[in-house]
Amino acid sequence: MRYRSFRSSIRYKLSVFLMAAILLPIAASILISYFYTKHSLKEDAIRENSNTIRQGTTSLIGQLNGMNNVSLYVYNNIRMTNSLYNILLQGRSDFMIENNIYSGLHAIEQSAKDIQQVYLYSDLADQSWLLIDGYLKREPGGEGLTGHFEQPLDKNDPFLEPPHPSHNYGMEEFPYSPSNTVFTIHRPVYRAPLKERIGVLSVDFKLDGFRSIMNMLYDKGEENIYLLDDTGTVIYTSREEEIGTKPDYAWLRHARYSFAGAGYFDWSGDDGFNGIVVFEKFELIGRIWIVAKQIPDSYLYSNASSVLRINLLVLLTFLFIAIAAALFVSVMVTAPIKRLTESIRKIKLGKLQFDGLERSDEVGVLGSAIKNMVDTIDNLIMRELRLELANKDNQLKALQAQINPHFIFNTLQSIGSVALHHKVPRIYELTSSLGLMMRYNMNTDEPVVPLSKEIAHVQAYLELQQQRFKDRLRYSIEIVGDPDLSTSVPKMILQPLVENCFKHGFESAEQAVISISVADDSGMLGITVTDNGPGVTPERLQELQRQIARGNLGGTEGSSIGLINVISRLRLFYNDKAAVTIGHAKPRGFSVHLGIPLTEGAVHHESADRG
């Protein structure tokens with residue numbers, strides 16, 4: 001409830017408004033800056049990487065063309081008898097031929113620095129030669145090509161063997177055989193112009209050329225780059241363990257099967273990669289090649305993330321300042337309003353006193369207006385109260401004027417004397433009790449009396465009722481312990497409670513039992529009145545208890561003073577410190593308990609005496 005009340009307060013709303021007015025523009029500026037930076041970084045990255053890939057593709061085309069041209073060296077000097085072409089065409093294999101073959105293979109090996117070894121097979125002589133670092137080895141047959149060479153369908157194209165571990169082409173006891181991953185071009189040699197194959201030239205290239213070109217196209221440790229042929233086999237990649245394999249990445253398939261010759265696309269897939277892929281395709285040596293580069297979002301937007309962190313730090317700093325400023329401003333603005341509402345709350349509780357606010361702003365003007373209104377209401381209430389008291393006093397005096405107390409008392413004494421003269425003492429006792437009651441009731445000069453007088457009055461009342469109901473009524477007045485019976489109490493607080501017992505609890509009972517007990521209860525004077533009547537229904541009891549708890553006691557009912565009137569006077573007399581408890585009596589009936597503070601009663605008694 002307090003939280004709901006706080007949320008509906010002006011201070012809360014003002015604080016929220018001030019913080020929103022400060023933070024929302026800052027947050028919006030940070031978000032706009034962040035997304036604009038991301039967009040700019042993405043556009044710049046796409047443009048720069050597309051240019052880089054395009055330049056790298058040009059270098060790769062040169063690299064592959066160079067490799068292809070090296071394999072075409074077998075057709076050089078076709079008119080010379082000692083050329084490799086003519087040697088294969090003759091199908092000879094003697095010592096002089098071997099020297100020429102060595103010279104030709106050595107010339108091919110020296111034509112490019114990436115060449116690891118050169119292999120030559122003669123179909124007509126069924127002879128193989130292998131040259132590694134100047135060492136030439138000869139073996140009969142061409143078993144070294146088995147599983148590595150496939151005859152191209154188009155005789156103009158060589159067979160390109162994807163990267164694989166180097167081998168000796170079946171040459172045994174070769175003195176030196178380095179182990180590297182190589183890319184091999186197998187060039188079939190044909191008899192011109194019949195297109196009849198007369199041999200095969202195989203050149204193994206180390207991947208250093210691809211590596212040097214590709215390393216310039218990506219940032220190691222952050223990005224990845226791939227060079228693939230049209231079968232999806234990796235010729236080179238930054239992930240060297242995948243060289244020569246066919247990785248089944250969805251983003252790589254998307255790039256391969258794209259109809260565009262070059263471009264980019266965003267990717268967010270189940271393979272754990274989220275970012276941009278830039279690719280370019282080119283056609284060379286009868287194949288479609290593709291260069292694809294991965295750029296992860298984490299790397300691409302690292303600068304944007306740094307800017308965002310800086311902006312968030314700025315935002316948190318401003319947030320702290322904004323909260324402090326908002327709270328300070330809201331407190332300064334709403335403090336007088338809170339004082340104003342607190343004063344109004346006290347007025348609602350009945351304290352018609354209002355201290356004005358010494359301010360010249362709108363709140364001060366409102367406070368002055370409320371103070372004038374409260375003063376006016378207080379004057380009106382006091383005037384109406386005095387008028388009501390005067391009317392009550394006039395009514396009481398008019399009643400007293402109608403009945404001459406001395407005449408009534410003298411008459412009752414005469415009746416008592418006659419009763420004694422005729423030896424009927426009971427009549428004398430009843431008339432004496434009635435006289436005491438009337439004297440007690442008509443004495444308006446004593447609004448406050450000692451408790452002993454109140455008990456004597458209720459006893460006289462019960463004596464008269466006893467005469468009326470005979471054996472159907474039994475009552476008791478019990479003084480428990482040593483209570484102070486001189487305690488001042490408001491007049492007529494017990495007799496209305498006892499009267500209610502007759503009014504509500506004596507109709508159906510065969511014998512009515514009324515008990516009054518007075519006891520000292522821990523600094524309080526406890527008075528309990530019980531009867532054995534039918535009591536009240538639970539609903540009526542809850543209604544009475546709610547009325548007592550709320551203080552909504554109303555006035556009197558009919559001509560009877562009643563329970564509600566007794567409770568009202570007790571609370572007024574004891575400043576709401578008197579306790580009143582109602583409930584069911586055991587085994588049946590109704591019970592009223594009055595708790596009277598001893599000290600408060602003394603104070604009021606002294607005030608009444610001084611009055």
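**Close-up views of a predicted model**

View 1. Residues are numbered from 1 along each chain as its sequence is written, and side-chain values use heavy atoms, with hydrogens and water left out. Helices (H or I, at least four residues) and strands (E, at least two) are DSSP runs, numbered from the N terminus. H12 covers residues 451-469. Its 19 residues should span 27 Å at 1.5 Å a residue, and its end C-alpha atoms are 27 Å apart, so the two agree. The expected span is 1.5 Å times one less than the number of residues. Buried residues of H12 include Leu451, Ile455, Val458, Leu462 and Phe469. Buried means under 20% relative accessible area, exposed over 50%, and partly exposed in between (1.4 Å probe, protein chains only).

**View 2. A patch of negative charge.** Asp482, Asp484, Asp520 and Asp521 gather on the surface. Patch residues have over 30% relative accessible area and no salt bridge, and like charges are joined within 9 Å. A salt bridge is a side-chain nitrogen of Lys or Arg within 4 Å of a carboxyl oxygen of Asp or Glu. Asp and Glu count as negative, and the charge of Asp is placed at CG. Aspartate 482 sits in the loop between strands S13 (473-480) and S14 (488-490). Aspartate 482 counts as exposed because its relative accessibility is 72%.

**View 3. Two loop residues with positive phi.** Most residues other than glycine have a negative phi. Tyrosine 169 is not a glycine, yet its phi is about 50°. Its loop joins strand S4 (159-165) and strand S5 (181-191). With 3% relative accessibility, tyrosine 169 is buried. Isoleucine 285 has a positive phi near 55°. Its loop runs between strand S10 (274-284) and strand S11 (287-296). Isoleucine 285 is buried too, at 14%.

**View 4. A cis peptide bond.** Most peptide bonds are trans. The bond from lysine 586 to proline 587 is cis, with omega near 0°. Proline 587 lies in the loop between strands S17 (579-584) and S18 (590-597).

**View 5. A contact across the sequence.** Glutamate 222 and tyrosine 299 are 77 residues apart in sequence, but 6.4 Å apart in space, C-alpha to C-alpha. Glutamate 222 is in the loop between helix H5 (208-214) and strand S7 (224-228). At 41% relative accessible area, glutamate 222 is partly exposed.

Key
Predicted model: local features only at pLDDT ≥ 70, side-chain atom pairs only at ≥ 80, totals over all residues. Patch = residues over 30% accessible without salt bridge, like charges linked within 9 Å, V, L, I, M, F, W, Y side chains within 5 Å. Areas by Shrake-Rupley, 256 points an atom, 1.4 Å probe, with all protein chains shown as cover.
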